[in-house]
Amino acid sequence: VLDKSGQPLADAVVLVDSAVPGAQGAPALEATIRQEKLRFKPYVTVVHTGARVTFTNQDAWDHHVILGPVAPGGFYLDASQNQQLRLAGKVGDTVARDSRTVAKPGAYLLGCHLHSSMRGHLYVADSPWARVSEADGQTLLTGLPAGPARVRVWHPDQVLEGAPVTVDVPAAGTTVVVNTQVAAVKRR
């Protein structure tokens with residue numbers, strides 16, 4: 001996945017939709033997102049519809065988690081749809097944790113009322129083939145059936161939704177390069 005200037009784009013969610021019948025990849029139905037050093041780690045997490053997401057606080061101070069659908073540009077879509085929880089700070093080996101189940105596909109913004117600079121992202125995939133790109137912009141999706149498919153990309157810094165890319169997946173697999181209009185923001 002490449003950004004607007006042709007450079008590798010990290011933290012992009014790559015989804016592949018195939019109309020070819022057959023076996024599908026195992027959906028990610030559990031994930032853990034840590035709050036550590038005033039950050040959500042990983043920064044972008046992909047799960048599938050119906051997944052249980054566990055939040056843990058590894059910091060010595062309290063954190064809050066706001067989980068809500070995100071609009072392009074990085075704002076909460078509708079505050080009335082947000083889920084919220086508070087996690088106490090870590091004491092010794094005791095780590096606060098809480099879980100939520102996510103049922104609606106799409107992008108979610110993670111925030112903290114107590115530390116407004118904390119941001120993270122959760123993407124609930126409606127495709128069995130979904131992964132986050134690495135620092136080099138690459139991701140590997142396995143088990144795709146040969147035939148026509150559609151590749152979609154979502155990124156936290158995108159302003160507009162990009163058009164899907166149509167590909168023909170050969171039986172032996174292939175490399176697909178997806179150019180985006182995303183201008184990634186440097187993170188501190």
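The largest nonpolar core here has 19 residues, and I33, V47, V53, F55, L67, V102 and L122 have the most contacts inside it. A nonpolar core is a set of buried Ala, Val, Leu, Ile, Met, Phe, Trp, Tyr and Cys residues joined through side-chain atoms within 4.5 Å; buried means under 20% relative accessible area, exposed over 50%, and partly exposed in between, using a 1.4 Å probe and protein chains only. Two or more core residues come from each of β2 (30-36), β5 (51-57), β6 (63-71), β8 (83-87), β9 (96-102), β10 (106-111) and β11 (119-125). The top contributor is β5, with 3 residues. Strands are DSSP runs (E, at least two residues), numbered from the N terminus.

A quick word on the model: it is predicted, so local features need pLDDT of at least 70 and side-chain atom pairs count only at pLDDT 80 or more, while totals for chains, interfaces and linings use all residues. Residues are numbered from 1 along each chain as its sequence is written, and side-chain values use heavy atoms, with hydrogens and water left out.

Back to F55: leaving aside residues up to four places away in sequence, F55 touches I33, V65, L67, L85, L87, A96, R97, D98 and L110, where a contact means heavy atoms within 4.5 Å. Another core, of 14 residues, lies apart from the largest one and includes A12, V14, V16 and W129.

Now the sheet. Four strands make an open sheet with mixed pairing, in the order β3-β2-β5-β9; strands pair if DSSP finds at least two bridges between them. β3 (39-41) and β9 sit at the edges with a single partner strand each, so one side of each has no neighbour in the sheet. β2 and β5 run parallel over 6 bridges, and R34 has T56 in β5 as its bridge partner.

As for charges, there are 7 salt bridges, each a side-chain nitrogen of Lys or Arg within 4 Å of a carboxyl oxygen of Asp or Glu. Here are some of them:

| Pair | Closest N to O |
|---|---|
| E36 and K41 | 3.8 Å |
| R86 and D62 | 3.4 Å |

R152 is buried at 15% relative accessibility, and D17 is buried too, at 18%. E36 is partly exposed at 22%, as is K41 at 25%. R86 is exposed at 53%, whereas D62 is partly exposed at 32%. Finally, salt bridges with shared partners tie D17, D126, R150 and R152 into one network.
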